[in-house]
Amino acid sequence: MITLHPILMKFSFLLLCAGFLASCATNPVTGKKEFMLLSKEQEVQMGISYDPQVVASYGLYEDDKIQQFITTQGRLMARISHRPDLPYEFKVLDSPVVNAFAVPGGFVYFTRGIMAHFNNEAEFAGVLGHEIGHVTARHSARQYSRQMLGQVGLIAGIIVSPKFAEFADVASQGLGLLFLKYGRDAETESDRLGVEYSTKIGYDAREMADFFQTLKRLTDQSGGRLPTFMSTHPDPANRYENTKALAQKWQQRSNGRNLKVGRDSYLNMIDGLLYGEDPRQGYVERNTFYHPDLKFQYPIPNGWRTVNTPSQVQMAPEDGNALMVLSLSPKNNLTQAEQAYMETHQFEVTSRNNRQVNGLNARVVQGRQVDEQNQQVINILLYFMEYEGRVYQLLGMAYQQQYGNYESSFLRTMNGFDRLTDASKINVQPERIKIVKAPRTTNLRSLLTSNGIPNDRLEEFAILNGMELNTQVESGTLFKVVDKARN
């Protein structure tokens, strides 16, 4: 069983004792007293303890010029914020999802997916201010003070039993905070702070409102399924109009100051940015997971959802009643790998045997564990497989009364783990943003088509460019397409 970080254990104890220890603190933004269990020092420690989990789950996107840009703008904004004394850090995560989020203590994260969808520096600055606003107004800390994180049960995008999440090696009690849904009042307040902060460092906050339109279009394109940003940042009523009005008021206060947009500079900076899923890190095609760099493959049950992160691949059916996880053992032989796993995840072993899986040495362990909270038994199937000097761990688990519904899926996936030799699967390359200049004045549809964007992706790239397909684009205007030619 995974154990909580000592700091989190301490916080959970405080929550249980809230009736005795509850106190009021002054909100740095509003100046009002509010219920708060976390001190500033505890907020910072929480951020420090979460940051390695965030990085392990998503990975960092390495791009010096983008990192320098977000750090520079972040520090400028932090200095004029309501909490300039926090040890802010700003990072870009290697994830295609469109998201930005912050955790208590001043840790602010942008995915490369959202960086690809910004079309100027001012849009970025508005969202940066919005996320810093969540920190300065203590929204995450307030959320924490209202509910225990161990009850969240949300693990890296797949909803499963909280008990199953313990075996995914990313503590749901920690990362769950990132996915607590803010209330609309908190979103409105952060929008206001985003306008204020971005204007104060010299950007035109009207562009922030325009980016919210991009997020709405992403939602519409996905058939109503909310992109990650919108699922954790609910859309307040009249957000676009309210943000525009706030921006206008702050611009009047600027006394004619020339506020920046920074379109060309931003687009030139993200030229070459990796776009969408990176197949080099593993991808799913026709119910098979392929990893080109590590050269392995295995089948995935039909209809199961998959979340691929740098540390593991999680798979679960839509009902969330089962879980499979592929991870890499820190040990390089079967015996040591099993011992290391059992030290972390203690359960009763009911059988153990060695076998061959497609010519690879493997150890199969079966066991069970009692979920005391629900008074149910969990059946566990675990394969350890040696391949090219590494040991891969494939876990399958379900409650005992439902295990028979999933066992055949577990076995098919685990016994299907094999070497990847197909050159067409190994040599796939990711798409990267390519910034091009309009050679003539015409509509966006014509420009995208002439740059090889297929018809079924035209709307996707219209949203990516923050335009409509019938938008007239002036000659010499920069816009985004993609290619696979560059490293």
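1. Contact here means heavy atoms within 4.5 Å. By that criterion, the cover over the buried residues of helix 16 includes strand 11 (296-299), strand 14 (322-328), strand 15 (348-357), strand 16 (360-371), strand 17 (376-387) and strand 18 (390-399). The coordinates come from a predicted model, and the remarks below should be read accordingly.

2. Helix 16 comprises 16 residues, 400-415. From its first C-alpha to its last it reaches 21 Å, close to the 22 Å expected at 1.5 Å a residue.

3. Which residues of helix 16 are buried? They are Y403, Y406, S409, F410, T413 and M414.

4. The structure contains 25 aromatic pairs. Elsewhere, ring pairs join F69, F110, F118, F124, F211 and Y266 into a cluster. One of these residues, F110, lies in strand 5, where F110 is the bridge partner of A100.

5. Two of the strands that cover helix 16, strand 15 and strand 16, run antiparallel and are joined by nine bridges. Within this pairing, R355 stands opposite A362 of strand 16. The two strands form a hairpin with two residues between them, and N358 in the turn has a positive phi of about 50°.

6. Strand 16 is also joined to strand 17, by ten bridges and again in the antiparallel sense. V370 faces V377 of strand 17 across this pairing. Four residues lie between the strands of this hairpin, in which Q375 adopts a positive phi near 55°.

7. Where else does a residue other than glycine show a positive phi? R286 has a phi near 50°, and N287 has a phi near 60°. R286 lies in the loop between strand 9 (283-285) and strand 10 (288-291), and N287 is found in that loop as well. In general, most residues other than glycine have a negative phi. R286 is exposed, at 80% relative accessible area, whereas N287 is partly exposed, at 34%.

8. An open sheet of three strands shows mixed pairing and the strand order 3-5-4. Strand 3 (89-93) and strand 4 (100-103) are the edge strands, each pairing on one side only. From one strand to the next, the twist averages 20°. Strand 4 pairs with strand 5 (residues 107-111) in the antiparallel sense, over four bridges.

Terms used:
Residues numbered from 1 in each chain as written. Predicted model: local features only at pLDDT ≥ 70, side-chain atom pairs only at ≥ 80, totals over all residues. Heavy atoms only, no water. Expected span 1.5 Å × (residues − 1). Buried < 20%, exposed > 50% of the residue type's maximum accessible area, 1.4 Å probe, protein only. Pairing = 2+ DSSP bridges. Axes fitted to C-alpha atoms, helices over the stretch in contact; angles between N-to-C directions. Phe/Tyr/Trp six-rings, centres within 6.5 Å; stacked < 30°, edge-to-face > 60°.
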